[in-house]
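Here is a briefing on one protein chain. Look over the sequence and the structure before reading the points below.

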Amino acid sequence: MSHEHSSDQHRFETLAIHSGNTADPLTGAVVPPIYQVSTYKQDGVGGLRGGYEYSRSANPTRTALEENLTALEGGLRGLAFASGLAAEDCLLRTLLAPGDHVVIPDDAYGGTFRLFAKVVSRWGVDFSVADTSDPAAVQAALTPRTKVIWVETPSNPLLNITDIAALAALAATSRARLVVDNTFASPYLQQPLALGADVVVHSTTKYMGGHSDVVGGALITEDEALGDALAYHQNAMGAVAGPFDAWLVLRGIKTLAVRMDRHCENATRVAEMLAAHPRVSQVLYPGLPDHPGHEIAAKQMKAFGGMVSFRVADGEEAAVEVCDRAKLFTLGESLGGVESLIEHPGRMTHASAAGSPLEVPADLVRLSVGIESGDDLLADLRQALG
C-alpha cells in the first residue's frame, strides 16, 4: 500500500483517518480489506507480489496499521504486535544483550516490571529503579552498562509526569536509548519522538483501539537502522498483530482525536469533584494545578488525558468498597475504552509489583474515565464514595 497522504501536509485528525487507509484499488472500498491469509502466490520463484510472501513477515492489513502508527507518532517505521508486552519484549531483545543495564520507573506498569524482574533479568540484564520525574535520580541510576532508559508519562497508576526532553538529553550524553511508553497519553496528546525519544511503545489495546475489543501493541521509531533491527526481530520472534486485530485498531484510531477530547473533558470534571470530596485524601491527575508534574505536562501534552487515580481516606478496605459499589464505572482491568472502568491497582493490575519498589498504595483507586455523560459519571462516583 502506498503513502497517498504525506504527514508534512496534514494535521493529526486527518492523518488518523487517512494514513495507511488507501482505497482498495480493485473495488474502491474506502476501508482496507482484512487480508485473512497466511501465504501469497508468488510471481515465479522469489518473485514477491507487493513484497508479500507470508503473513508473519508482512500482511497488507498490518501494513496499513503500521503506516498509520508511523504517521501519527511522526516516525519513520512503525510495527504492530500481538500485545503491548509482545512489543516491549521485541524491543528489549533488539536493544539489549547479557550484561547490559536498564533504568526503569519506580511506578511502571506491573506487566512491564514483571517482564524486567522475572523474564529479562534471567537473561543476564540488570535493571535499577528510579523516580523518572527527577532527572537527577535517573542520572544517579545510570551506569557505564546502561543501554535503555524506560519512561511512562503519565505513569500507570500514579500519573507521574516525566520531562521527556530532559531525559532525552540525558540519554544522548550517556549513549542510552530513551524509550517512552505513550499508552496513557496517545499520540494525539503527546509525541515523544519530537521531544527526543528514540522509541515509542504503545499498548494499542487501550486508547488506540478504544473499544475494549482488541489486544495489540506497537513500536515506532524515527531511527532507520533501529527500525530495520526491530522489524528483523519482529519477524524472527513472530509475535505479530493478526489481520483482524490490526483492522480493529486501525478502525479505532479514526476516532482517537474526538474520543480523547471527551476523555480529557470528563476526567477533568471527575478529578475536580474528587479533589473536593471529604472521603478522598489525594487526587492524582496531571491536569490539577497542584499536581507536581502539572507544568511539564502542560508543556509536552495537548491535554491531560482520561486516567485519574485517587486515594481513599479510610484506607484499603474502603478503597475496595468504592470499587465494588460503583455501577456505571465497570470493575475491570485495562483502560482507554469508551466505557468507564474502575479498579484497585494493589489487588488487580499491579499485584505483580507487591513487595517491590514499585508497590502501589493500598488505598489507591484507578479510574479510566470514559466518554459517557459526565454528569452520570460524577453521580456514580458520589454514590460509590457514600
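Gln282 has Arg311 in strand E9 as its bridge partner. Strands (E, at least two residues) and helices (H or I, at least four) are DSSP runs numbered from the N terminus. The model is predicted, so local features need pLDDT of at least 70, side-chain atom pairs count only at pLDDT 80 or more, and totals for chains, interfaces and linings use all residues. Residues are numbered from 1 along each chain as its sequence is written, and side-chain values use heavy atoms, with hydrogens and water left out.

**The sheet**
- Strand E8 and strand E9 (residues 307-312) pair in the antiparallel sense over four bridges; two strands pair if DSSP finds at least two bridges between them.
- An open sheet of five strands, with mixed pairing, runs in the order E8-E9-E12-E11-E10.
- E8 (280-284) and E10 (330-331) are the edge strands with a single partner each, so one side of each has no neighbour in the sheet.

**The cores**
- The largest nonpolar core has 67 residues, and Leu274, Val283, Val308, Phe310 and Leu367 have the most contacts inside it.
- Such a core is a set of buried Ala, Val, Leu, Ile, Met, Phe, Trp, Tyr and Cys residues joined through side-chain atoms within 4.5 Å, where buried means under 20% relative accessible area with a 1.4 Å probe, protein chains only.
- Helix H10 (residues 256-275) gives the most to this core, with nine residues.
- Another core, of 28 residues, lies apart from it and includes Phe81 and Leu115.

**The whole chain**
- The chain has 13 helices and twelve strands.
- Of its 386 residues, 54% count as buried.

Notes
Buried < 20%, exposed > 50% of the residue type's maximum accessible area, 1.4 Å probe, protein only.
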